[in-house]
Amino acid sequence: MTFSMPKVLTIARREYLTTVRRPMFVVTLLATPMIFLFAGVLSTKSQVDDAVARMSTARVVALVDSSGLFADGPRSFEYQAPRAPTLDPREAAKPEKPRPKVPVVFRPMADQVAALDSLEAGKVKQVLVVGSNFLESGRVRLYEKDTRVFTQSADDRPLRNWLVRNLLRGRADSVRIERTLLLGRSMDYFTQNPDGSWALKDDAKEITGFLLPFALGFLLAMSIVIGGQYLLQGVSEEKESRILESMLCSVSPDELLAGKLLGLGSAGLTLVAVWASVGIYSSAGILALAHVTLPPALLILGFLYFLVGYLFYGAIMLSVGAMTSNLREATQISGYLTLLNVCPFWMMVKFLNAPNSALAVGMSLFPPTAATSMMLRMSASAVSGAVIPPWQIATSLGLLGVSAIIMLLIGSRLFRLGMLLYGKTPNLPEILKILRQA
Amino acid sequence: MLQVRDVIKTYDGRAVVNKVTFDVAAGEIFALLGPNGAGKTTLIRMITDIVRPDSGTITFDGHAVSGASRPSTAYLPEERGLYKKVPVLDALAYFGELKSMSRADARRESITLLEEFGLANWSRKNVAALSKGMQQKLQLCTALIGRPQLLILDEPFSGLDPINVAVLENVLRQRRAEGTTVLLSTHQMNKVEQQCDRALMINRGHMVLYGRVGEIRQQYAENTYALHADGTPQRVPGVKSVVSENDHWRVALEKNAHPAAVLKALLDQGLAVRAFTPEVPPLEDIFVRVVEAGLGLDQGRSGPPTVDELQDVGGAR
């Protein structure tokens, strides 16, 4: 049978329209970014609320000062946190909102045992122990009945503030004391770019350096996974409904395969295009602030990696769908294969810190992990300024492309015969036999 | 004309279709018969180019069915399904488009077919909303749309009520009159007798029966006559046995006896004979006899068995 492009387009159109009209597609399209947004807001809000609550509540602290260095310190004071830095200049220009003041009351205790008894009895909230050798060791101990997994640095800030002020009281003027308190926050950190220039590494750039590779890598991995899942679902459903044998009179297996790849890949790409547009639009401000521009080459290469990566995984999904007897079984098998595509995220920190490390290079050349790995490397480089050798990109794309062609040839053979195998999933020797017969 | 010549298909060293040869003419309804596992589906898949034969040729109007000039073919398999979550009209028109029809033509012919099969009022409903019988009719429509030159139907009457069976029979007659080549695979032998011009039966991959339906039945006739008469017939020369059956007598003649002579002898007895007609076995009986005989097993033969062979293995009455 000759290869008819109009038939391929007919199949692709039906697959695309059927998929994007499904309620689940619309739910996925809208729900996924909303879930991320909701989770982000919820998590941040809960942390902020917790911090605000802790910073607004008066705290009574049992003080055990064996060093005697703080004997003359005030027994009560009101701590006011410094103004939080903002990445947005418009935000910075706004009038300052009133910051809460945290009343702190110290109750001197003779020893640690008595202090801890008070803590157990609920009479104090914290116990601060300053040892007799504080000047040598520089260490203090803080006790609190706290069940949280993570503590925040802001929690002990009022106490650190009080310790510094009273340690320097009489030995430094108030300006020096204030500068000492803010020293950690006022240091400008410069790093050298690959071109030799020095650039300020600010919070915005640091956040972008993590978020941009994560977001672009995530989008690419998701688009490949989603496109592959649509293929798997479509093939499994058609196999279960036994509709294909009637169709194979009018279209060749290769036309059917090409139409499905095109239509369902487009559906996956539609999802990602919408998410990416929303993401880029909403993050445009922070990208501009961090002086990060997305090079067009990154987007073009991203699209190429999607295309070849999708063909590679799509062919695998088609084969799995054709060889298994139902969707449940197909989903179980495909789940393991999909892990290969997303496993570069497990080494993400390594990718971000050293995009040209042996691990990062190796994974971006290995076809199953190439697309996601290279996207992580490229987007990390877009922020840090590191250069990925073009031969690595060309080799990675080439290897992935050749692998995709091999997988498509295998997938086409398995699809041709596997679609007519009903009720039984063949084992590996049987699959090899099918490959030889096809 | 569909021509199948010496086609062999082997799986795991076993010939599931073994040197099968037959023709189906344009405008003919041809029955492909055989028990389950006989090789019918494999043979059909080779005709539809879903699988390729190991050897032999399959052509339609002189062109290989796997080539660029392959005929427009429609196949309704026994195990069949439909897209469930799409409107009936869209589901049917899609099959038309896959047969290279324009979208407008596909929709136009879909509407005509849906009207013909009484589904026009359901055209905007989802396929899932149709009853099982309605879905059967829609599946038939997916095969009929595009007016294929070669129509292959596997158990097309299954699941249809008598009214819709009549509708389908009428459609098949129309298509035959228009020159469509129809290959019908069914276990409903009465439908084969009513609808089909010729038949091929295969068993375990081998051809065991092939020819005009009437001739096949005649071939298996056993020189037995149904006698409708008032009174009780007496034994006459040339008669092997006389057995009473419901409202008539079943008269078995000896091998070389002449029916006219036997009838004359019966009349000479003074018997009031109302009818004396040769009994031809129904195709179903022949099917059972051939399959139970196990003929077509790998005996290196591709032709049909003789009547003597059938009788030798216990098929004779």
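This is a predicted model: local features need pLDDT of at least 70, side-chain atom pairs count only at pLDDT 80 or more; totals for chains, interfaces and linings use all residues.
**Sheet, chain A**

I started with the strand order. Five strands of chain A make an open sheet, running β2-β3-β1-β4-β5, with mixed pairing. I then checked the edges: β2 (76-80) and β5 (140-144) of chain A sit there with a single partner strand each, so one side of each has no neighbour in the sheet. From one strand to the next, the twist averages 25°.

Next I looked at how β5(A) is held to its partner. Strand β4 (residues 126-130) of chain A runs antiparallel to β5(A), and five bridges join the two. I picked out one of the pairs: Gln126(A) has Glu144(A) in β5(A) as its bridge partner.

Then I asked which strands helix α4 of chain A touches. Helix α4 (residues 112-121) of chain A packs on the sheet against β1 (59-65), β4 and β5 of chain A, and its direction is at about 165° to that of β1(A).

**Helix pair, chain A**

I looked up α14 (residues 358-365) and α16 (residues 390-418) of chain A, which pack at about 35° with axes 8 Å apart. On the α14(A) side I found Val361(A), Ser364(A) and Leu365(A); α16(A) brings Gln392(A), Thr395(A), Ser396(A) and Leu399(A). My tally for this contact is three nonpolar, four polar and no charged residues.

**Chain A against chain B**

Here I counted residues: 23 from chain B and 18 from chain A. On the chain B side, β6 (73-76), α2 (88-98) and α4 (132-144) each supply at least two residues. β6(B) gives the most, with four residues. By type, the chain B side splits into twelve nonpolar, five polar and six charged.

Technical notes
Residues are numbered from 1 along each chain as its sequence is written. Chains are lettered from A and ligands numbered from 1 in the order in which they are written. Two strands pair if DSSP finds at least two bridges between them. Axes are lines fitted to C-alpha atoms, for helices over the stretch in contact, and angles run from 0 to 180 degrees between N-to-C directions. Two residues are in contact if their C-beta atoms, placed from the backbone, lie within 7 Å. Ala, Val, Leu, Ile, Met, Phe, Trp, Tyr, Cys and Pro count as nonpolar, Asp, Glu, Lys and Arg as charged, and the others, Gly among them, as polar.
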